[in-house]
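Dear colleague,

I am passing on the structure below, and I would be grateful if you could look through it alongside the notes that follow.

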Amino acid sequence: MDNPQTPASGGFDLNQPTIVSLLYLASFITGITALVGVVLAYVWKSEPKAAWEVSHYEYLIRTFWIGLIGGVVGFILVFVLIGLIVLPAVAVLVVVRSVLSLVNAQKQAPMPNPGTWLA
């Protein structure tokens with residue numbers, strides 16, 4: 001009997017942390033899906049289905065706040081030209097964190113150091 005938690009070999013497991021990560025990545029095109037993703041992360045955090053998911057929710061919620069605060073600070077600093085460096089750096093950090101979470105969610109592995117502010 002197959003374990004419902006394990007994706008088929010070569011398959012893509014559309015689990016909840018994966019959905020949030022994909023919403024974060026889609027926000028670079030749509031602009032609003034990150035907000036949907038963080039709301040889902042907060043809702044799903046209160047009802048985790050597996051132990052490995054708990055670290056993903058903390059990591060993804062922190063990723064949202066890093067992106068929002070970094071984006072606001074970068075936007076303010078654009079007027080002194082430093083923001084032209086800060087904004088792309090924050091975007092790269094959010095993409096890297098989202099992809100790392102996506103990869104670990106596919107393996108159903110917990111995030112190492114979910115409390116970190118870096119990747």
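In helix 4, the buried residues are Gly83, Val90, Val94, Arg97, Ser98, Ser101, Leu102, Asn104, Ala105 and Gln106, and the buried residues of this helix pack against helix 1 and helix 3. Please keep in mind throughout that this is a predicted model. The length of helix 4 (83–107) agrees with expectation, because its 25 residues at 1.5 Å a residue should span 36 Å, and its end C-alpha atoms are 36 Å apart. Just after helix 4, Gln108 takes a positive phi of about 55°.

Turning to the pockets, the largest one has a volume of about 320 Å³, and among the 14 residues that line it, Ser27, Phe28, Gly67, Leu68 and Val94 are the closest to its centre. Two or more lining residues come from each of helix 1, helix 3 and helix 4, with helix 3 giving the largest share, five residues. By type, the lining of the largest pocket divides into nine nonpolar residues, five polar and no charged. Val94, one of the residues closest to the pocket centre, is also one of those buried in helix 4.

With best regards

Note on methods
Residues are numbered from 1 along each chain as its sequence is written. This is a predicted model: local features need pLDDT of at least 70, side-chain atom pairs count only at pLDDT 80 or more; totals for chains, interfaces and linings use all residues. Side-chain values use heavy atoms; hydrogens and water are left out. On a 1 Å grid over the protein atoms alone, a cavity is a set of points where a 1.4 Å probe fits but cannot get out, and a pocket is an open set with protein on both sides within 12 Å along at least five of seven lines; lining residues have an atom within 4 Å of a point. Grid points are joined across faces, edges and corners, and a volume is the space filled by probe spheres set on the points. Helices (H or I, at least four residues) and strands (E, at least two) are DSSP runs, numbered from the N terminus. Ala, Val, Leu, Ile, Met, Phe, Trp, Tyr, Cys and Pro count as nonpolar, Asp, Glu, Lys and Arg as charged, and the others, Gly among them, as polar. The expected span of a helix is 1.5 Å times one less than its number of residues. Buried means under 20% relative accessible area, exposed over 50%, partly exposed in between (1.4 Å probe, protein chains only). Contact means heavy atoms within 4.5 Å.
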